[in-house]
Amino acid sequence: MGDGLEWRTYTWQPAVVGDVPARHVYLGPVRPDGEPVALVCGPQLPARRYPLEHPARLWRECISCGDRLRARLDVPVIEVSLPAYGA
Ligand SMILES: [Zn+2]
C-alpha cells in the first residue's frame with residue numbers, strides 16, 4: 001500500500017451520528033461527496049465536504065475518532081496548564 005505513509009493521511013468529516021453532530025475522522029485523503037467512507041469510530045457513511053464557512057466545521061471533535069487518531073499517529077496528549085489572569 002504505497003510508501004507505507006498513506007495511513008498518516010486522514011480527513012475530518014463532520015457528520016451527525018445518532019443525532020449528535022461532531023467532527024469525525026476517516027483515514028486517507030478527501031473522498032468525493034457521496035463515496036462511502038468508514039469513520040475511525042466505526043460507522044460508515046457517504047463522504048460530504050462542507051464549505052469553510054459552514055458551522056459544521058466548528059462542531060466538537062468526536063472523542064473516539066480523536067483518541068484513536070492520536071494513538072495511531074503516536075501523538076502524545078499534551079496537558080497544558082495556564083495560570084488564570086491575575087493568579
Ligand atoms: Zn467519530
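## The core

Nine residues form the largest nonpolar core: Ala22, Val25, Tyr26, Val37, Leu39, Val40, Cys62, Cys65 and Leu69. Such a core is a set of buried Ala, Val, Leu, Ile, Met, Phe, Trp, Tyr and Cys residues joined through C-beta atoms within 7 Å. Strand S2 (20-27) and helix H1 (63-73) are the elements that give two or more residues to this core, and S2 gives the most, with three residues.

The model is predicted: local features need pLDDT of at least 70 and side-chain atom pairs count only at pLDDT 80 or more, while totals for chains, interfaces and linings use all residues. Residues are numbered from 1 along each chain as its sequence is written.

## Overall layout

Helices (H or I, at least four residues) and strands (E, at least two) are DSSP runs, numbered from the N terminus.

Of the 87 residues, 14% are buried. Buried means 20 or more other C-beta atoms within 10 Å of a residue's own, exposed means 12 or fewer, and partly exposed lies in between, with C-beta atoms placed from the backbone.

## Contacts of Val40

Beyond its neighbours within four places in sequence, Val40 contacts His24, Val25, Tyr26, Leu27, Cys65, Arg68 and Leu69. A contact means that C-beta atoms, placed from the backbone, lie within 7 Å.

## Asp33 in its loop

Now for the loop between S2 and strand S3 (36-38), where Asp33 sits. Asp33 counts as exposed because it has 9 C-beta neighbours inside 10 Å. Not counting residues up to four places away in sequence, Asp33 touches Ala47, Arg48 and Arg49.

Technical notes. Contact = placed C-beta atoms within 7 Å.
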